[in-house]
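Me: Could you walk me through the strand pairing and the nonpolar packing in this one?

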Amino acid sequence: MAVNNTTEEYELPCGRELERVWERMDVVGAGLADEHELSCPHCRVARESLLALREATQELIAEPEATPPDLVGRIMSAVRAEVRRGQMLTLPATELGPVEVSEQAVAVVLRYAADSVGGVRARRCRVRAVGEGPNGESVVEVELTLAVSLRNAAGGEALSRVRERVTAAAAARVGLVLAKLDLVMVDVYEETAGDDR
């Protein structure tokens, strides 16, 4: 059974396609997993979601009532949304216990911090956990792609401000330890009359 019934393919943050994880579920369950499948948290989370999907599907097959025609599409949308959310990152523990946040949510905060610098627009932000900090929080590496305005004569200075603001946002707004920040300028843009950034 194919996971997706569209032409789109869904790649996990580790680079594996969701379809491949689906195809190898039984192999992994039989103890014949490769090294990547044994150690990759992204594949493990996707596999758990797909196993839940398989169980739910089996229950629906066993029920005598007809299933809604869009059920598979709705279930797959939920699975894809879970995959896109990314890995969960641990924040410093609170009095109420441990707190986690998704890589995607952290990326939004860091892009917003970069966008606060005039003449710079954040494009894509990739966040990857690489360890654990002194208070149990995740240590992360970030790659942030940027577009810079043609009017931005002080490009290096603007990138320094982006680095300062993103580093501060990772620590103060999110609570993560930033081990590495790669800023990659991928585009330039021309500001319009109504663009006040």
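**Strand pairing and cores**

Reply: Strand 3 (residues 120-132) and strand 4 pair in the antiparallel sense over 10 bridges, where pairing requires at least two DSSP bridges between two strands, and strands (E, at least two residues) and helices (H or I, at least four) are DSSP runs numbered from the N terminus. This is a predicted model, in which local features need pLDDT of at least 70 and side-chain atom pairs count only at pLDDT 80 or more, while totals for chains, interfaces and linings use all residues. Residues are numbered from 1 along each chain as its sequence is written, and side-chain values use heavy atoms, with hydrogens and water left out.

Me: Which residue in strand 4 is the bridge partner of Arg-126?

Reply: That partner is Glu-143; in the hairpin of these two strands, which has five residues between them, Gly-136 takes a positive phi near 85°.

Me: And strand 5, is it parallel or antiparallel to strand 4?

Reply: Strand 5 (residues 177-189) pairs with strand 4 in the parallel sense over 11 bridges, and Ser-149 stands opposite Tyr-189.

Me: New topic: how many residues does the largest nonpolar core have?

Reply: The largest nonpolar core has 25 residues, a core being a set of buried Ala, Val, Leu, Ile, Met, Phe, Trp, Tyr and Cys residues joined through side-chain atoms within 4.5 Å, with buried meaning under 20% relative accessible area for a 1.4 Å probe and protein chains only. Helix 7 gives the most to this core, with six residues.

Me: How much of strand 4 is buried?

Reply: In strand 4 (residues 138-149), 10 of the 12 residues are buried.

Technical notes
Buried means under 20% relative accessible area, exposed over 50%, partly exposed in between (1.4 Å probe, protein chains only).
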